[in-house]
Amino acid sequence: MIDTTKIKSFFAKNKGDSIIWTLVLFIMLFSVLAVYSTGSKLNADHQQSLLFLIKGHVFYLFIGLVCMFFVQNINYRWWHKLSKIGLILGAVLLFATLFLGVAEHGAKRSLIVFGIKIQTIHFIELCVIIFFSSWLVRTKDNINDIKHDYIYKLLFVFLTCGLIMSQKTSASIILGTTCFVLLFVSKLKFKYFVATVGILGIIAAIGISILMSDAVNPKSDQSFFKRLGTAKTRLEAFNNKDEVHREILTTEAAIASSSLLPRPGESIHSYGVKESYSDYIFAFFVEEYGILFGIILIVFYLILFYRAMLIAKRINTSFGAYLAVGIGFLITFQALVHICVCSGVFPVTGETLPLFSKGGMSIITTSISIGILLNISQEAKKEMEQQKEKTTEGVSYE
């Protein structure tokens, strides 16, 4: 039998959000099963050593848990103080990747450090979210000064997302959307937010029209940011149902052929899909472990977002609230984008499923993000306990 006393003792000592810890542990457990199942189905052209695949994934999950536990014990207010340094570090990594990085799928996304390939995009996203949250706190009500404050925040978001687009278009969209969610929950007047969204909608419509025109050649090295051609190809493939890519057709078929309950080892569609254990892992997880477990996994991410919003509501500092919202939305939105791609709702993006897909820096960075969220929840609990003590002390029993 499992000794539950040690588990209860761990959560008793750990003052962070126990529900988030539980969600993370279950997601990681499911991920090991999914990576093992999909990795074992790769054909001879794509298959790595299955043992090496699992060892690598479990190793990064372990490192992620260590980072999560360590970071949750760092007072989140330190990230406010270090936000500018973090932004500089993120900028250095971004430009180093753009000029010195290793090309993958037509874009430079990784750096080679001591012989280890490291994807920098996820760490850069976290640096941006921390800095943007800190910036919103420093400016306070001045954000409604369009000429002297708000315009600079918009320019920062556009410039940052534009540079990230050269690495990964979907990542720039996810990060940009997260920044606008932070603006929405900030002290920005609603009319300014609506006006901004309206203008962005018009710009996006014009941009998509230009993207789908003959002005963008998918095969040309001179295409804007060199990623617009890839984005155009994927949009065309998504819109043209007569010429569906094999990966899209396979992932949709995997979900369509799944049963309600688990059928481990009976996957037939993951054979030959090179990114089956990363970019398309949700589809093959559902195929083997059933629709019910797929729904449970989706609910886990939604609960994670709900807990983040609850933490943001309970914490007394604006920085803690912004950071909780930003981290919660970034992780959940990325997860939903991945799921929508596998379900055929969105075009192919190449986004992984947080803490689930096989990865290195993506797992570690997400773990660090959740560690920060756990510390915010821990501080929120302390504040609530202190408030209760003050209330109790003020009650007279005479």
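How do H8 and H13 lie to each other: roughly parallel or oblique? Here are some friendly notes to read beside the structure.

1. **The model.** This is a predicted model, in which local features need pLDDT of at least 70 and side-chain atom pairs count only at pLDDT 80 or more, while totals for chains, interfaces and linings use all residues. Residues are numbered from 1 along each chain as its sequence is written, and side-chain values use heavy atoms, with hydrogens and water left out.

2. **The whole chain.** You can find 14 helices and three strands in the protein chain; helices (H or I, at least four residues) and strands (E, at least two) are DSSP runs, numbered from the N terminus. Of the 398 residues, 47% are buried, where buried means under 20% relative accessible area with a 1.4 Å probe, protein chains only.

3. **H8 and H13.** Back to the opening question: helix H8 (residues 169-185) and helix H13 (residues 318-342) have axes that come within 9 Å and cross at roughly 140 degrees. Axes are lines fitted to C-alpha atoms, for helices over the stretch in contact, and angles run from 0 to 180 degrees between N-to-C directions. H8 and H13 are therefore oblique to each other, since angles under 35 degrees count as roughly parallel, over 145 as roughly antiparallel, 65 to 115 as roughly perpendicular and the rest as oblique.

4. **Who touches whom there.** On the H8 side, the contact (heavy atoms within 4.5 Å) includes Ile174, Thr177 and Val181. Tyr322, Gly326 and Phe329 are among the H13 residues that take part. The contact of H8 with H13 holds ten nonpolar, four polar and no charged residues. Ala, Val, Leu, Ile, Met, Phe, Trp, Tyr, Cys and Pro count as nonpolar, Asp, Glu, Lys and Arg as charged, and the others, Gly among them, as polar.

5. **H6 and H8.** Now look at helix H6 (residues 121-139), which packs with H8 at an angle of about 15 degrees, their axes 11 Å apart. That makes H6 roughly parallel to H8. Residues in this contact include Val128 and Phe132 of H6 and Leu175 and Cys179 of H8. The residues of the H6 contact with H8 divide into ten nonpolar, two polar and one charged.

6. **Leu188.** Leu188 counts as buried because its relative accessibility is 7%. Leaving out residues up to four places away in sequence, Leu188 touches Ile143, Asn144, Tyr150, Leu183 and Phe193.

Definitions and conventions: Buried < 20%, exposed > 50% of the residue type's maximum accessible area, 1.4 Å probe, protein only.
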